[in-house]
Amino acid sequence: MSNARKRRTSFVFVTPLLVSMILAFNVPLILMFALSFTNPGFTFEHYETLVAQPIYMKVLGNTIRIAVIATVVCAVIGYPLAYWISSLRPKHQVIMIAFVVIPFWVSILVRTYAWIVVLGNAGILNSFLVDIGLLEKPARFIYNELGVIIGTTNILLPFLVLPLYASMTKIDQRLIQAGESLGATKTQIFAKIFFPLTLPALGAGSLLVFMLTLGFFVTPAILGGGRVSMIANLLDILINSLPKWELASAVSIILLAATLGCFWIYRRLDTLRS
Amino acid sequence: MGPQRHLVDKKLAKHADTTDIRRGVMRILYLSVLAAFIASAPGLGVSKASAEVKEVRVIMSGGGSAESVEVGYGKPFTEKTGVKVTIESPTNLGKLRAMVGSGNITASLIELTGPLLEQARAFDLIEPLDWDAIDPDPIFDEARQPDALGFQYYSMILVQNKDAKPVTSWQDFWNVKDFPGTRSLPDRAVYTLQIALLADGVEPENLFPLDIDRAFESLEKIKDHISVWWSTPAQAAQLLNDGEVEYTVAFSGRVTSLENTTYSFNQGLLGLSYFTVPRGADPAEKAMAMKLLHEMTVAKNQAVAAEIISYTGASTELEALLPQDRLGEYPTTSANKLVQSLADDKWFFENAELVERRWQEFKLGL
């Protein structure tokens, strides 16, 4: 087969996916974009509302703040975890990676409710802490921002650990040996060789976590106790209760723009890494 | 050289033949996949035949409420007509708007609570009912509207753990000094603003138009003592069950049967939930749905539904048929209906955006 024909044949195989992406994703996205400028003629009023009523942007700001915190927590927990796993013997590495990946297969809803059982007022942890006399009355671990961050971190940790682990195992051991033979201390090797080599993966993984947190819905709805305003939950009200789809579209477009900005940075880091 | 050359040509020709055939097969496969995909895409496929109605599809809230409709009204309806009732949950305005907007009506009945009914009218999402076809038994006036049939009264009431000091009013609920304990309120402005005003001493009959500023001032006093603002009706019951909170507000039907809890209808917020027909519903299925609506006006059926969940239908003759030992559980019995107030849905509709914005602002300050 000639190359041109090959290309044509492979295009034929790609079209079903292409058509479904265009019909099910791109067209609705463009319609949503159009909706944010209609009432029913062309208008900027929905975007003007967003500027005039700062509440919407405040909720978006709050969402970004929580996403940043969740990302930092993920990085602080995930980096040492990936480092530790990559230092194990290969057989043990497989087992530990399985422990990281298995929760992936459990529904987010189930995992989120599980936190209620563990961290609730009458939950396992609180009962234990009260029983041993460390606490006088149950501490509030969930139904607040802490709960949302715990739940989000738990769900998104693998997104950070897996790329980090991959990049750590790929590091050329000869670089480390070269450092050692030149008399570098362990700290120096980590700071000057190991860490810089894993930095792009850390950045890319962090951005992935950050972008996913921006759109989280279930976790804040259940573990936030109604006191953590996040954009996805506000969109739910705008779409299902009011139903102000035009305004919801405008909010979504701004969220999309913010996410695309992050994605652009992500791509840049990805190119740097490879 | 000659014959060999000939052989190669033949081979090539054969090869070309098979690739042609293969390409033909591929093309057919490819086209059929594409056709199947397009046919399955909503709104693009061949419209379904509507000659014979085999089922009436209903979108409504889930849980005990859906079960009560299935058993109380669906069963006698199916016995009479042989037509199945299929229930899908949950219901919300977004679903209705999407159905009507896309012209792909997947249900002939959709449940809407009062404030949502007003919204649906404003967006022109529902069509008139055929009351001649419904041919209702006697029902309360507010349940009979041109485009909606009120089928279920519910109430947002005060609920508490049995062991906590009993509260009987919203003033008590706000009084954290004399009634210590963890508390929860709905993350829904429609209910919480009314409760805040009642707690601040506003008489039920003077609630509307709501004094929004006063409501939020009242909420400022209690907000630090609220450990959870619940977002789904099931969550309120779950929080009590888990021992997470001692006092909360919940839909009556969800909590009257819970163990270890007590409740009070005093100052409860009575509401009426309606069934409506999405604009553009299939006429044959709509006609069948009217017969299902008829069953919802029959007192005997309502009594069966009320056995399953302690909400009540709109029949004027229902009270005598209810289990007399459980009368206290029902929102519309004469003893309970008097001490509650019915919300002004129209006001909420007209102020929906403002209320929601203020509510979000309040929550950001939590």
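Buried denotes a relative accessible area under 20%, exposed over 50%, and partly exposed the range in between, with a 1.4 Å probe and protein chains only. The legends below describe a predicted model, in which local features need pLDDT of at least 70 and side-chain atom pairs pLDDT 80 or more, while totals for chains, interfaces and linings use all residues. Residues are numbered from 1 along each chain as its sequence is written, chains are lettered from A in the order in which they are written, and side-chain values use heavy atoms, without hydrogens or water.

**Figure 1. Overview of chain B.** Of the 366 residues in chain B, 52% are buried. The chain holds 15 helices and 11 strands, which are DSSP runs numbered from the N terminus (helices: H or I, at least four residues; strands: E, at least two). Where contacts (heavy atoms within 4.5 Å) join residues of chain B at least 6 apart in sequence, 72% of them connect residues at least 24 apart.

Figure 2. Val14(A) belongs to helix H1 (residues 3-35) of chain A and is partly exposed, at 41% relative accessible area.

**Figure 3. An aromatic pair in chain B.** Rings of Phe, Tyr and Trp (its six-membered ring) pair if their centres lie within 6.5 Å; planes under 30 degrees apart are stacked, over 60 edge-to-face, and the rest tilted. Over all chains, 28 aromatic pairs are counted. Phe140(B) and Tyr153(B) form an edge-to-face pair, because their ring centres are 6.1 Å apart and their planes stand at 85 degrees. Phe140(B) lies in the loop between helix H5 (131-134) and strand S5 (144-145), and Tyr153(B) in strand S6 (residues 148-161), 13 residues apart. Tyr153(B) is buried, at 0% relative accessible area, whereas Phe140(B) is partly exposed, at 26%.

**Figure 4. Charges over rings in chain B.** The charged end of Lys337(B) sits over the ring of Phe140(B), 4.3 Å from its centre. Likewise, the charged end of Lys165(B) sits over the ring of Phe179(B), 4.8 Å from the centre. The criterion is NZ of Lys or CZ of Arg within 6 Å of the ring centre and within 35 degrees of the ring normal.
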